Amino acid sequence: MQAICTAASLRNTKLKNKPNEDYFICDDDSGIFVLLDGVSRDGNENNYPNPSPSAIISEIVANTVYQYLKRS
């Protein structure tokens, strides 16, 4: 069985200054799919840090998990 992935990640449009913190990897050939939902909370009335630490961590974790699964 082969899986084929088509994916897109859209920024939350509810708040103008909230960065997209989600990250995904779709590797159809290896059958590895990683999806992370980065989450942050603003401390000061919708004042999100940009670049987002949550987005950076989502990317690091996704790539680490992906590399581990690919080697296993």
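I began with S58, whose place is in helix α1; helices (H or I, at least four residues) and strands (E, at least two) are DSSP runs, numbered from the N terminus. The model is predicted: local features need pLDDT of at least 70 and side-chain atom pairs count only at pLDDT 80 or more, while totals for chains, interfaces and linings use all residues. Residues are numbered from 1 along each chain as its sequence is written, and side-chain values use heavy atoms, with hydrogens and water left out.

**Entry 1: S58**

I then listed its contacts (heavy atoms within 4.5 Å). Not counting residues up to four places away in sequence, S58 touches E21, Y23, L36, D37 and G38.

**Entry 2: the nonpolar core**

Which residues form the largest nonpolar core? I found six: I25, I32, V34, L36, A62 and Y66. Such a core is a set of buried Ala, Val, Leu, Ile, Met, Phe, Trp, Tyr and Cys residues joined through side-chain atoms within 4.5 Å. Both β2 (32–37) and α1 (53–71) supply at least two residues each to this core, and the largest share, three residues, comes from β2. I also checked A62: leaving aside its neighbours within four places in sequence, A62 is in contact with Y23, I25, V34 and L36.

**Entry 3: the salt bridge**

I noted one salt bridge in the structure, the term being a side-chain nitrogen of Lys or Arg within 4 Å of a carboxyl oxygen of Asp or Glu. The side chains of K70 and D27 form this pair, at 3.3 Å from N to O. The bridge links distant parts of the chain, with K70 in helix α1 and D27 in strand β1, 43 residues apart. K70 has a relative accessible area of 43% and is therefore partly exposed, whereas D27, at 10%, is buried.

**Entry 4: the disulfide**

I searched the whole structure for disulfides (pairs of cysteine sulfur atoms within 2.5 Å) and recorded one. C5 is joined to C26, with an S to S distance of 2.5 Å. This pair also links distant parts of the chain: C5 lies in the segment before β1 (22–27) and C26 in strand β1, 21 residues apart. C5 is at 25% relative accessibility, so C5 counts as partly exposed; C26, at 32%, counts as partly exposed.

Conventions. Buried < 20%, exposed > 50% of the residue type's maximum accessible area, 1.4 Å probe, protein only.
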